[in-house]
Structure formats: C-alpha cells, structure tokens
Amino acid sequence: MSDSSPARFDVVVVGAGFAGLYLLHRLRGMGLSARVYERAEGVGGTWWWNRYPGARCDVESLQYSYSWDPELERDWTWSEKYAAQPEIQAYAEFVAERHDLKRDIRFETSVDGAEWDEAAGLWRIATSRGPAEATHLVLATGCLSSTSLPDIPGRDDFRGETYHTGLWPHEGVDFTGKRVAVIGTGSSAIQSIPIIAAQAAELAVHQRTPNFSIPARNAPLTDAQRAEWLARSAERREWARANTRNAIVTTLPQKPVLEATPEEREAEFSRRWESGGITFSAAFNDLALDPEANEYAAEFVRERIREIVKDPATAEALCPRDHPIFTKRICVDTDYFETFNLPHVRLVNLRETPLETVTETGIRTSAGETPYDAIVYATGFDAMTGSILAIDPVGKGGRRMSQAWAEGPKAFLGLLTAGFPNLFLVTGPGSPSVLTNMIVSIEHHVDMICEQLSRLAARGATRIEADPQAQEEWVAHVNARAAATLYPRAASWYMGANIPGKPRVFMPYIGQDEYRRQVDALAAQDWPGLKLSAGRTASDA
Ligand code: NA7
C-alpha cells in the first residue's frame, strides 16, 4: 500500500545495517525525527543478505561489535573467535530490540531515487511505498551490498539451481548428492567451498584468479577470553583507533622484513600463520609498500599452499601470482586449500580452459561441457559505489551522482559530495571503510555526521555542502596515499576493476589512524571544506 502524502523527517536514512542502526539511535538522542528505509525484512544489512554457507566475519567478534553502548558488550556473549553470519545478524537484532529501533524502520522498502529541491531545501525521496521528504538524507547503504552477476553467455539458460552468495535464500540450500559448480575464488567462495564440498556429490571450483588466504584458526571463545576483553576493551579499542591502519587490535610490526634475518622472517610469518587471521598482514611494516618485501610474505603463503594441497599441479594453480599479497583484502578460511584434496572436488583453472558459456544443463569451458545441478556465483559486488549509484541521487542543478562521479567517485572525507547538499555517505569512497574493521569506521562516520548536524543547529544553519576545491584536494590526497603503496597494482574491487566500465580509481583511504588525524585537524580549524548556510528547511516548507 502506498502512503498518499509524503512523509516528512529531519533525516531519512537508507539502510538498517550497523550504520543505520547506530545512526538512528544517535539521531533520536539529538531530538531529530528520523526514518530508516530498509529493503530487507530485518536488520543487519550485509549480514542479512550474505547467508551463504560458511559466511563469517574476518575480524574477531569481540572487536566486530559496537563500542557506543558498553552495556551491549556486557550483555551479549559471542560464542566464537570469528562469528558466523547468523550470530552477527542476531546481534544486530539484539541491538535493535534493546534500543527499540525498529519502530522507526520501514522494512521491505527500497529507496528508488532522491532529488534535492533547492528552493525548499530538502530531499524528495522516492520509496517503493511512496514518497518521503527530509532535510538530510544519509546513505548508509553499505559498501558490499550491490551484488555483481557476471554477464556470462547463456547464464540465464541454465535450468538447474542458480545462487549468488550475496543473495542467499533464507531457507538455506541443501547440496546433498548434487553436482555443484562454484564460480569465483574470492572471500565468499573461499568460505563457502569447504561447506558446500561437505554436502555435494561433486564440486567444481571455477577459478580465474587465485587468491591468498590465511587460516582463521577459529575456535569457541572461553569465558576467560571474554572476561579478559571486557576488562580492557575500551582502552584497546581506543588504542587500535589511534595506532593502526585498520582499527584492529594486533601486535604492531616492529621492523621492515627487508631488515629481518631469514630466521626472523620465517619465525614471524610462522607465528602469525599459526595464530591465524588477517593480522598476518602486520608481520612487518613494509609488506604493502615494497615489492621485494611483499614477495617474502607472498612466497611464504604459496609454500603453505604447496604443503597443504597434495596434487602439485592443483597446488601450483592455486598459488596467486597476479597481484601482490594484501592488495586485495586478504581472505581468511577454514580448510579452503585442504578441500582440494577431497576426491570429489576439482579445480577448473579458467586461465587454462576459459569459460565459454553456461548451457541449459551445465558449463562449457574450452575443455568441453560439464553438467551441474547447481551453479553458485561467488562473484562479488559493485563495491562502495554500487548501492549509491543505484539510487543515483539528483543534486543541485539536476546533476546526478552518476554524472558527478563519471570519472570515479569524489567525496570530501568520503562523507559529502560537492553539489549534493545535506547528503551524507557512511563509509563512502575516500574514507578508510573497507580497509578496516567496518564497525569502527561506521561509528566514526556516524559520529562525524551527528557532529555536523549539531553544528548546523548551533549556528542556525540548515544546509551543509562540501566545497569543490576541498573535495578535489581530498581526492588527490586519497590517490597519493594509495600511489605510495602496492595497492593499485591489483585489479581489485577497491579499484573498481571487477565491474566492466567502472572507472579505475582506488576508492578507500589507506590508514584509518591517519584519516582520524586529518579529521581531527579539520575539526580543530572549524571544518574548512564544509560550507554551512541558512535556507528554508523541510519544517518551514
Ligand atoms: P570478490 O572478492 O570480488 O570475488 C569475486 C570472485 O568472482 C573473484 O574470484 C573473481 O575472479 C570471480 N569472478 C567474477 N566474475 C567472474 C567471471 N565472469 N568469471 C569467472 N570468475 C569471475 O567477492 P567476494 O564476495 O568473494 O568478496 C567480497 C568481499 O566481501 C571480500 O573482500 C570481503 O571483504 C567480504 P577475478 O578475481 O575477477 O578473476
């Protein structure tokens, strides 16, 4: 049913993931009227949709949790070192219930468009359930929520079951006795393949680019571990925010690998490999900067692959060589490489036998056609910009975001785009976002948005906009930071390289610790680069 007259709010938020939930809580605390629109039936954002078997966070659960309400961490018990999707989604649900957030969320409602009304000083928002208006619009739409299904010839002809990891059926899928093809070897594939293999009669993994993966060493958390975290969590979180590139508590690297002896090198890589997880990347401080240093880490992982995978040709095919390690988000797995030792699991190396077409009954590569009962596309997302450009807001002068971002996304601090007044992005391009513990970056951006809304109120202003010059300088700064590292050498989704036609621009800001310093310096100067002005508000109109 459609509402007839537009609903009107101080702030409309798109998305009820971790960003939307915290933002709603903050906005209420500021006495603002707010409405969240969410296309899913429940809260959790990416953790609502990514229900594929084995979906699990690569940041430890004790850290991948909110810090804004200390009671949440006292009253919620994480069961494992790395939480699986159902537990994370249940946590989002727990927070929504605890803070009574759902009454201001409209579920199963998509936001299909938004247009800035310059005269009225408000956003006119089109939702699947009717129009809304708001002084401010916040796109808390997530960085990995717009799924990408490759345009493989014949894709829609397949008569068997087809799945995308990012749009997994809520009732689950049972692959028992089935012949399954997985396309892709990114993080979603690497997590799901061992579980699908445990069910399927046959599993063929279609790999175009091999990936680096570190064992998770997941395990149940003990009461002692939880108590130890709780006793010092605030201090540790603060330390990670101030001192690390990714806002993850770890032991910081002590030296460059190029200055380490072979014994030191081996010992430190081995220690990190044995403790597991993405902090393997913090073994030495030059790994993302120097190709020779990087190669030591890459070769260490290749050696482990060769040890694990029994068939030497398969092991070699699984060894990544196309990109420096850490220039794509490192995968974290449980028994991924081990799965290729199972007799019913086969690697299809698309570099040797390219995928030609999907047929009605299977997949044809240059080596011939193989029948399957199910195809799983683990083919990723139109990352960081996909969900924003799906709404494609229309800013001042009728200019669309897709026009403003034609050469790549531009946003001052990853937060506001020039020409789009009162439109905030949460963890947008130009902010550390996907290179970090996302929850930490989300909290930072929500706090920054609320600070700007408070400034507006304190000054009797109603409009905030990024200055185009400040934005250009910021984008140049983001690019310069990336260019000083090995990151741009990978054809990664950070670069937009996985989506045909998407501009190749390194989107996230490298180093959330430095980002915070930049933000704090701007705050100390009363935010040069952000223009506040008075104008008519939604409530005057
Ligand atoms: P990713 O990391 O983008 O992985 C997608 C995979 O799909 C990757 O291996 C791609 O190979 C493969 N792919 C995409 N299109 C094709 C076609 N046309 N043919 C064959 N293979 C293809 O997505 P994920 O969902 O695994 O992970 C995304 C993030 O979520 C991850 O980084 C974590 O932060 C959580 P390619 O490398 O392009 O050769």
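Helices here are DSSP runs of H or I with at least four residues, strands are DSSP runs of E with at least two, and both are numbered from the N terminus. The model is predicted: local features need pLDDT of at least 70, side-chain atom pairs count only at pLDDT 80 or more, and totals for chains, interfaces and linings use all residues. Residues are numbered from 1 along each chain as its sequence is written.

**View 1. Helix α1 and its surroundings.** α1 has 12 residues. Its first and last C-alpha atoms lie 17 Å apart, close to the 16 Å expected at 1.5 Å a residue. The expected span is 1.5 Å times one less than the number of residues. Nine of the 12 residues are buried, which leaves α1 mostly covered. A residue is buried if 20 or more other C-beta atoms lie within 10 Å of its own, exposed if 12 or fewer, and partly exposed in between, with C-beta atoms placed from the backbone. The buried set is F18, A19, G20, L21, Y22, L23, L24, H25 and L27. These residues pack against β1 (7-14), β2 (34-37), α4, β6 (130-139) and α13 (438-458). Contact means C-beta atoms, placed from the backbone, within 7 Å. Just after α1, G31 has a positive phi of about 75°.

View 2. Helix α4 covers residues 85-98; its 14 residues should span 20 Å at 1.5 Å a residue, and its end C-alpha atoms are 20 Å apart, in agreement. Buried in α4 are Q85, I88, Q89, Y91, A92, V95 and A96. They sit on the same side of α4, because they cover an arc of only 150° around the axis. The arc is taken from the directions from the helix axis to the C-beta atoms. P86 and E97 are exposed on the other side. The cover over the buried residues includes α1 (18-29), α2 (46-49) and α3 (70-75). D100 follows α4 with a positive phi, near 50°.

**View 3. The shell around the ligand.** There are 23 residues around the ligand, each with its C-beta atom, placed from the backbone, within 6 Å of it. P150, G184, G186, R208 and G380 come nearest. Helix α5 (residues 187-199) gives the most to this shell, three residues. By class, the shell holds 10 nonpolar, 11 polar and two charged residues. Ala, Val, Leu, Ile, Met, Phe, Trp, Tyr, Cys and Pro count as nonpolar; Asp, Glu, Lys and Arg as charged; the others, Gly among them, as polar.

Methods: Contact = placed C-beta atoms within 7 Å.
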